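The sequence and structure are shown first.

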Amino acid sequence: MATSPRLLVVVSFLLAMAPVLSVAVRFYVGDRSRWAPNVNYTDWADRHEFHVGDWLQFDYKKDTYDVVQVNETAYETCDASSPIMSYSRGHNFVFQLNHTGRFYFICSRGQCWNGMKVSVLAQPALPPPAMPPSSHASRPGGVWRWASLTAMVGAAVVGSLPFPV
């Protein structure tokens, strides 16, 4: 059975109107300084709170720097000889914190000793944000009422388009 283009537009509209339940955050390692030598990444990490599901984005100079995930001992000694993971292609790398615990990253291209290393502690994931209290909270169907209103608005928008959908 073929899907109607009008149905696809309505579904897309409804999905766009739905509240976002994700609370994951993308952190740019080093903020404006990005992944570069002579940046105090310990101070940077101390200014943020990291949770499982968050993303670390390392932006760096292509062919000059890299990102290597290592264990604590290798982090302390700037030793990239036994990496957990290594990334050097392109000019950035995005890493998702996928479990609780400490993660260690260094640059293996001679810059670790110039401060290009960071350690972050991932705490348990945050729960999704609670829905704000509604004056209709005691009435059954409050969420369905919102969903049906959104569907009606979507249908009205699609129906008023000056071209066939």
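The sections below go from the overall fold to local detail.

## Basis of the model

The model is predicted: local features need pLDDT of at least 70, side-chain atom pairs count only at pLDDT 80 or more, and totals for chains, interfaces and linings use all residues. Residues are numbered from 1 along each chain as its sequence is written, and side-chain values use heavy atoms, with hydrogens and water left out.

## Overall fold

The protein contains four helices and eight strands, where helices (H or I, at least four residues) and strands (E, at least two) are DSSP runs numbered from the N terminus. Along the sequence their pattern is α-β-α-β-β-β-α-β-β-β-β-α.

Of the 165 residues, 28% are buried; buried means under 20% relative accessible area, exposed over 50%, and partly exposed in between (1.4 Å probe, protein chains only). Among contacts (heavy atoms within 4.5 Å) with a separation of 6 or more, 70% come from residues 24 or more positions apart.

## The sheet and strand β4

An open sheet of five strands has the order β2-β8-β7-β4-β5, with mixed pairing; two strands pair if DSSP finds at least two bridges between them. Its edge strands, β2 (50-51) and β5, each pair on one side only.

Strand β4 (residues 67-70) is antiparallel to β7, with three bridges, and is likewise antiparallel to β5 over three bridges. Opposite V70 stands Y104 of β7, and opposite Q69 stands F105 of β7. On the β5 side, V68 faces S86. In a regular strand the side chains alternate between the two faces of the sheet. In β4 both faces are covered, with V67 and Q69 buried on one side and V68 and V70 buried on the other.

## Nonpolar cores

A nonpolar core is a set of buried Ala, Val, Leu, Ile, Met, Phe, Trp, Tyr and Cys residues joined through side-chain atoms within 4.5 Å. The largest has 24 residues, and W35, W44, L56, F58, V118 and V120 have the most contacts inside it. Two or more of its residues come from each of α2 (41-46), β3 (55-59), β6 (92-96), β7 (101-106) and β8 (117-123). A second, separate core has eight residues, including V70, A74, Y104 and I106.

Leaving aside residues up to four places away in sequence, W44 touches F27, Y28, V29, G30, D31, F50, L56, V118 and V120.

## Cysteines

The whole structure holds one disulfide, defined as a pair of cysteine sulfur atoms within 2.5 Å. This disulfide links C78 and C112, with an S to S distance of 2.0 Å. The link is left-handed, with -70 degrees about the S-S bond. C78 is in the loop between α3 (72-77) and β5 (85-87), and C112 is in the loop between β7 and β8, so the pair ties together parts 34 residues apart in sequence.

Both C78 and C112 are buried. C107 takes part in no disulfide, and the nearest cysteine sulfur, that of C112, is 7.8 Å away. C107 counts as buried because its relative accessibility is 2%.

## Second largest pocket

The second largest pocket has a volume of about 160 Å³. On a 1 Å grid over the protein atoms alone, a pocket is an open set of points with protein on both sides within 12 Å along at least five of seven lines, and lining residues have an atom within 4 Å of a point. Grid points are joined across faces, edges and corners, and a volume is the space filled by probe spheres set on the points.

The lining has 13 residues, of which A45, D46, R102, S119 and L121 are the closest to the pocket's centre. Helix α2 and strand β8 are the elements that give two or more residues to this lining.

Methods. 1 Å grid on protein atoms, 1.4 Å probe; cavity = no way out; pocket = protein on both sides within 12 Å on 5 of 7 lines; lining within 4 Å.
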